[in-house]
Amino acid sequence: MTTVQGSSLLKLAATHRLRRAVLAAVLILAGATLARAELPSDPAVAPPVSAGGVLLPVASDARVVGDGERTRFVLDLSGPVEISAFTLGDPYRVVVDLPEVTFRLPDDAGLTGRGLVTGWRYGLFARGRSRLVIDATGPVTIDGAFVLKGAEGAAARLVVDLVRSTPEDFQSALQKTALTREASNTVGVTKGDRLRADSGRERPLIMLDPGHGGVDAGTIASSGIKEKDVVLAFAEDLKRRLEATGKVDVSMTRTDDTFIPLGDRVRIAREAAADLFVSIHADSVREDHVRGATVYTLSERASDRAAAALADKENAADAVAGLELEPAEAGEVSDILIDLTRRETQTFSASFANTLVGELSNTTRMIRNPHRSAGFWVLRAPDVPSVLLEIGYLSNEEDEQLLTNNDWRGKVADAVSAAMLRFLQPKIAAAGQ
Ligand SMILES: [Zn+2]
């Protein structure tokens, strides 16, 4: 596992304290493959198997102990794994990377913390890689991050020891995070059969983007229902209905419980030369009486405060998953052709948003002023008409009931499908459907 690159490693090892930090960050236990083969077989539960056919270690429980000076995080595993851990600032987090693990944790795992930990998240970060993201109360140092083998070599414990730090010490330890940049550039880009040339395509292509995924659960309702699961189920339903018409092709940015960085979602849609991109969410808002579907398009200035707050929250998805944020517009080129394309795309996005609001209004409850706008990163493709659809709000009890109701979901998916077909009608007609 590459954790720290050559020259920066030398720099980091320059002091004893930092050497210790690096050691703590890169504690590796061998024998993961061996342990997988030794997993005890449970006749009641089929052993979890990865896509590659390997038995996956199971995380069965976790706890946080300690106080505001020193806190220990413990995860029970069915076998030892290789881990690496590092810290991130703004907000203060500790990230633990491990190979793909099956999480069978209690429903409320991670929702609360203790000592230096306010809460934590877990899940698939990329294919074959799981991640824990621990939220800290302030600057912390990783005093140890290791995996203890169990007595029989079967069960194991992942331990992360955190001690309170100062902002200055935290900053100097942050140099290590170059590796997260590397991660952010390599994860989630899925090419292959999704890639195709624009010319020669028979049907228009719709890219559905189920929000969140993996280590980023999105909103978690009071009942424990997670936004990432609700929106994936909705997208799958919608995809089936759209494909049944035979008029359009449909792809999804994710088809399982995997984390995809925001930039990769945009990239996937652009590389596929999608004719329409729809990001699907079911968020929470602070006012729990707010409910109903909402359609968002991109704008530099938000239509209202609530839309701005929602965009901020959505744009933080990469941070939630333990990625260091890339400076937003740094790489964006100013080019007259791109500007023209962008303007034309925005017109198409607004037109689709209006069509979608029209169809949804006949089907389900809408929020007041249902077409809103804000600076959502995921809608930034200059050449793919893009909207973000909140099918409802998990912070509202009535909406939560609807969001988990199959009949309602089917009706709303039909309305969204009708809007998409209407918007794409000129392309469908040109394709001779
Ligand atoms: Zn969301």
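Strand S8 (residues 140-149) and strand S9 (residues 156-164) run antiparallel and are joined by 9 bridges, strands being DSSP runs (E, at least two residues) and helices DSSP runs (H or I, at least four residues), both numbered from the N terminus. Phe-146 stands opposite Val-159 in S9. The model is predicted: local features need pLDDT of at least 70 and side-chain atom pairs count only at pLDDT 80 or more, whereas totals for chains, interfaces and linings use all residues. Residues are numbered from 1 along each chain as its sequence is written.

S8 and S9 belong to an open sheet of 5 strands with mixed pairing, in the order S5-S1-S2-S9-S8; two strands pair if DSSP finds at least two bridges between them. The edges are held by strand S5 (102-103) and S8, each with a single partner strand, so one side of each has no neighbour in the sheet.

The protein contains 13 helices and 15 strands. Of its 433 residues, 41% count as buried. A residue is buried if 20 or more other C-beta atoms lie within 10 Å of its own, exposed if 12 or fewer, and partly exposed in between, with C-beta atoms placed from the backbone. Among contacts with a separation of 6 or more, 76% are between residues 24 or more positions apart; two residues are in contact if their C-beta atoms, placed from the backbone, lie within 7 Å.

Strand S4 (residues 93-99) has 6 of its 7 residues buried. S4 pairs with strand S3 (residues 84-88) in the antiparallel sense over 5 bridges, and Leu-88 stands opposite Arg-93 in S4. The hairpin of S3 and S4 has 4 residues between the strands, and Asp-90 in this hairpin takes a positive phi near 55°. S4 also runs antiparallel to strand S7 (residues 129-136), to which 7 bridges join it. The bridge partner of Val-96 in S7 is Leu-132.

Helix H6 (residues 227-244) has 18 residues and reaches 26 Å from its first C-alpha to its last, close to the 26 Å expected at 1.5 Å a residue; the expected span is 1.5 Å times one less than the number of residues. Its buried residues include Val-230, Val-231, Phe-234, Leu-238 and Leu-242, and also the charged Glu-227 and Lys-228. Cover for the buried residues of H6 includes strands S10 (205-210), S11 (249-252) and S12 (276-281), together with helices H11 (397-403) and H12. Just after H6, Gly-246 takes a positive phi of about 70°.

Helix H10 has 26 residues and reaches 37 Å from its first C-alpha to its last, close to the 38 Å expected. Ser-349, Phe-352, Ala-353, Leu-356, Glu-359 and Leu-360 are buried in H10. These residues pack against S12, strand S13 (293-298), strand S14 (366-374), strand S15 (386-390) and H12.

H10 (residues 336-361) and H12 (residues 406-423) pack at an angle of about 145°, with their axes 8 Å apart. Axes are lines fitted to C-alpha atoms, for helices over the stretch in contact, and angles run from 0 to 180 degrees between N-to-C directions. On the H10 side, Ser-351, Phe-352, Thr-355, Leu-356, Glu-359 and Leu-360 meet Ala-415, Val-416, Ala-418, Ala-419, Arg-422 and Phe-423 in H12. By class, this contact has 8 nonpolar, 2 polar and 2 charged residues; Ala, Val, Leu, Ile, Met, Phe, Trp, Tyr, Cys and Pro count as nonpolar, Asp, Glu, Lys and Arg as charged, and the others, Gly among them, as polar.
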